[in-house]
Structure formats: C-alpha cells, structure tokens
Amino acid sequence: MGVSLVLLRCRTSDRTPGAGRGAETLAPLVGKALGVEPRVIGSPGDPRANGYEHDLRDSRGCLLEAGGQVDDALSGGNVPLLLAGDCSICLTTLPAALRHHPEARVLWLDAHGDYNTPDTTVSGFLGGMCLAGACGEWDAGLAEPVPPDRVVLAGVRDLDDGERALLEESPATVIGASTVETLVAVKNALDGAPVFVHLDLDVLDPEHFPAQFPAPGGLHPDKLYDLLDSVTEDCELVGLEVTAFEAPEDEEARVAAAETAMHVLQPLLDGVAGHPSK
C-alpha cells in the first residue's frame with residue numbers, strides 16, 4: 001500500500017490567494033516527509049467572492065477531479081492525501097471514500113460546520129455549504145451523498161443559526177472545541193472504525209495559526225496533535241484531505257505557520273505511511 005499525494009491547484013470557491021498559497025507551501029513538505037512526489041492537478045484560478053451557484057458551475061471539473069483522485073487512489077489500494085485551498089472538495093471526496101469504505105466514518109475537523117444550504121446560507125459561500133451538500137442536505141448534483149450518521153464534526157465553534165438547527169436535527173455527531181474531553185469524545189464517536197479525515201487547519205486557535213475566517217476558542221496545536229495521534233492509534237486511516245492553510249505573504253510568518261501545520265499533521269503522515277506516531 002502506498003500514498004497518493006495530490007496538490008489540487010484548480011479553484012473551487014477560493015476567495016483569497018492565501019489558501020492556494022498554503023496548499024502549495026505544504027505540498028513539498030508533506031512530500032519530503034512521506035518520500036513521495038506530489039502530483040499537481042490543475043492551475044490556479046483568480047480568487048473571487050462568487051455566489052455558490054457560480055462556483056458550483058465554474059468549479060465542477062475541479063470538484064469532480066478531486067473525487068476522481070480519491071477514487072483512483074483507493075481503487076489502486078493506495079491512501080489518498082489531498083491538499084487543497086478550500087473545503088468544497090468534500091462534495092466529491094467524501095462520497096468517493098465511503099463508496100470504497102462504507103463502514104468508515106468521516107472525521108471533520110474544522111472551526112466551522114460548513115453545514116449551510118441554499119436556504120440557510122447568509123454569505124452564499126460554497127465552502128460554507130459543502131459538508132451539508134456531501135451529506136445530502138441539498139443537491140449539488142455531483143455525487144451520491146454520504147450518510148450523515150457516519151460523520152463526526154470536532155472543533156466546531158462558529159455556526160450560523162440555520163446550520164446549527166440543521167446539525168441539531170442531523171444524526172451527525174458534533175463535538176465542540178471547548179469540550180473538556182474533546183479527545184475522549186472523538187474516540188468514542190469513531191469507535192475504532194476506519195476513518196477518512198478532513199482537516200481544515202482553522203480548527204486551530206487563531207492565536208496559533210492564521211485563518212481566513214478566524215474563530216476564537218480553537219484547539220491548541222499540541223491538543224490537535226494528541227487528538228490525531230489517538231485517532232491513528234485506534235483507527236485505520238483510509239484517506240485524508242488538508243485544506244484552509246491561509247498562508248501569510250510574509251515569508252517568515254509563512255514558514256512558522258508551515259512548521260505548525262507539519263507538527264499537527266505528523267500523526268496522520270505516520271498513519272498513512274504505516275508507521276506508529278512519534
């Protein structure tokens with residue numbers, strides 16, 4: 001079993017250049033850590049604040065490519081690891097992963113629920129609606145939805161009223177960042193099942209890591225490391241995607257942020273490489 005490392009550079013719903021810059025910064029670092037060459041898919045598009053309908057239409061090819069990369073990796077017996085600017089890729093990646101591993105759970109680590117629909121969204125931001133679309137709360141027209149009861153959201157602390165109501169009605173498990181026993185709650189929710197990890201790096205507290213949409217009260221990097229170390233110890237890691245590294249323009253600040261990102265990623269990298277976490 002190998003690792004399929006993909007840098008997805010085509011635009012989905014990116015509104016700033018920082019997230020694409022972050023994915024490009026991480027790709028060679030992750031590749032070096034794993035001893036594999038990242039495969040670069042697509043070319044950057046201009047960041048812009050479009051409504052979800054426009055981004056869904058314009059980025060359809062990119063979104064389908066993201067799911068296709070997960071499908072190809074799993075079909076070949078490899079572990080997919082996608083680096084992308086924006087969470088919208090989950091509209092196709094999560095369905096692809098659970099088609100191959102219907103017994104798996106999705107661990108969604110994010111400051112935000114991304115559980116809005118066209119009826120609840122305030123901003124019209126596709127990235128804020130993608131998990132709801134992947135779970136079938138609205139039809140993005142891209143893939144069969146995943147069962148919401150297979151989804152565990154953790155570190156979530158910034159929800160719009162409408163998405164909060166949807167999540168309260170949903171069978172998905174929601175674990176906040178302020179929960180004293182976040183690690184234990186995640187372990188119990190995953191219950192040792194195979195897991196596909198979605199890591200939006202703004203799950204980290206903005207005091208410790210840059211974010212496009214900063215939400216105070218997030219996880220400390222060491223706490224996130226411990227959580228992921230526990231997950232990879234208990235669960236088979238069937239794939240992961242890393243998004244929302246809002247990389248600063250300043251090189252020194254970017255290097256420091258990348259070091260933090262690589263620190264919290266280490267248990268996952270050890271997991272996909274088949275080695276115990278250090």
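This is a predicted model: local features need pLDDT of at least 70, side-chain atom pairs count only at pLDDT 80 or more; totals for chains, interfaces and linings use all residues.
**Exercise 1. Find the contacts of Ser230 beyond its sequence neighbours within four places, and decide whether Ser230 is buried or exposed.**

Step 1. Residues are numbered from 1 along each chain as its sequence is written, and side-chain values use heavy atoms, with hydrogens and water left out.

Step 2. List the contacts (heavy atoms within 4.5 Å). Setting aside neighbours within four places in sequence, Ser230 touches Leu183 and Lys187.

Step 3. Ser230 belongs to helix 8. Helices (H or I, at least four residues) and strands (E, at least two) are DSSP runs, numbered from the N terminus.

Step 4. Check burial. Buried means under 20% relative accessible area, exposed over 50%, partly exposed in between (1.4 Å probe, protein chains only). Ser230 has 10% relative accessibility, so Ser230 is buried.

**Exercise 2. Describe how helix 7 and helix 8 pack.**

Step 1. Take the axes, which are lines fitted to C-alpha atoms over the stretch in contact, with angles from 0 to 180 degrees between N-to-C directions. Those of helix 7 (residues 182-190) and helix 8 (residues 221-234) come within 10 Å and cross at roughly 25 degrees.

Step 2. Classify the angle. Under 35 degrees is roughly parallel, over 145 roughly antiparallel, 65 to 115 roughly perpendicular, and the rest oblique. The two helices are therefore roughly parallel.

Step 3. Name the residues. From helix 7 come Thr182, Leu183, Val186, Lys187 and Leu190; they meet Lys223, Asp226, Leu227, Ser230, Val231 and Asp234 of helix 8.

**Exercise 3. Which strands pair with strand 8, and in what sense?**

Step 1. Apply the pairing rule: DSSP must find at least two bridges between two strands.

Step 2. Strand 3 (residues 79-84) runs parallel to strand 8, joined by three bridges. Leu82 stands opposite Glu241 of strand 8.

Step 3. Strand 7 (residues 195-200) also pairs with strand 8 in the parallel sense, over six bridges. Asp200 has Thr243 of strand 8 as its bridge partner.

Step 4. Check the surroundings. Seven of the seven residues of strand 8 (residues 237-243) are buried, so the strand is largely enclosed by the rest of the structure.

**Exercise 4. Where is Ser59, and what does Ser59 touch?**

Step 1. Ser59 sits in the loop between helix 2 (52-58) and helix 3 (60-75).

Step 2. Ser59 is buried, at 1% relative accessible area.

Step 3. Not counting residues up to four places away in sequence, Ser59 touches Arg11, Thr12 and Leu126.
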